[in-house]
Amino acid sequence: MAIGTTCAYAAPPRSCKQILQQDSNAVSGEYSIVPSPGKVLNRVYCEMGLNGGGYTFLHPSDLPRLTNTELQAMFTDKSSFLMRLRKTDNTQPYGVLQQLTQYSSSPLKLGLNDYTGYAKPVNVDLLGQPFIFLGFLNISQAANRNVQGLRVNGNSVTFTNGDSNPNSYIALYPNFRELTPTGYSYNAQWSFSDALFASFVVNPSGRVIPEDYFIFLETHWGGGGTYTQTDGRSSARGVLGATIGFR
């Protein structure tokens, strides 16, 4: 379905996953969807190839119009996210994000202005709403002193939580008000960050997403993992912003 149209299907699609289910030949690109009756999002990017396709990437300008309830209705596959990074070398590598094998029975969390059950993001009080929250291990799981992390494109990226800090998340902010993010842990160097970002790869076609989909990212793991964000710090490894796809 082309941008701005919703009449190509028998029922208006609520997500890119529904578009692909209704048309197996649908290609990657921008579409419009209807997350709830009467509400049309005229710009979403649909990834229809990577990891089976059907991933919805929301445009930042639509986040203030969307509710968490509408987001939950769109988020039906709680086993993976598809993240794209925008880097200083002009590439947009992707990562299929999943739980480590030992946590595969734990569903991933996706929240709009909601991190209930998970550690509070560092920039929430500084940058405010809207923000998108990706949770991996909840507080009770992440507080254990054991091996934690995630899989990126099938590669296990791990650390050992040594002090029970229950951080296990990624958060993204459009930062419409141009506020200054935290300076927390600015000069720290983390092997977990190296392994995390090194596991992202450029898609075979080289196809890219419009740059205005990419927004500020923070990610926090442990107790012993990493804290980094996309404000030019070296631990972000050249990542300028990120966008997240879900299905």
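Which residue forms a salt bridge with R43, and how far apart are the closest N and O atoms? The views below take this up, along with two other pairs. This is a predicted model, where local features need pLDDT of at least 70, side-chain atom pairs count only at pLDDT 80 or more, and totals for chains, interfaces and linings use all residues. Residues are numbered from 1 along each chain as its sequence is written, and side-chain values use heavy atoms, with hydrogens and water left out.

**View A. R43 pairs up with E30.** The partner is E30, with the closest N and O atoms 2.8 Å apart. That makes a salt bridge (a side-chain nitrogen of Lys or Arg within 4 Å of a carboxyl oxygen of Asp or Glu), and the structure holds 11 of them. R43 sits in strand 2 (residues 39-47) and E30 in strand 1 (residues 29-36), so the bridge ties together parts 13 residues apart in sequence. Strands here are DSSP runs of E, at least two residues, and helices are runs of H or I, at least four, numbered from the N terminus. R43 is partly exposed at 27% relative accessibility; buried would be under 20% relative accessible area and exposed over 50%, with partly exposed in between (1.4 Å probe, protein chains only). E30 is partly exposed too, at 22%.

**View B. R86 meets E211.** Their side chains form a salt bridge at 3.9 Å, N to O. R86 belongs to strand 4 (residues 81-87), while E211 is in the loop between helix 5 (191-198) and strand 11 (216-221), 125 residues apart.

**View C. R237 meets D194.** This salt bridge spans 2.2 Å, N to O. R237 is partly exposed at 26%, and D194 at 33%.
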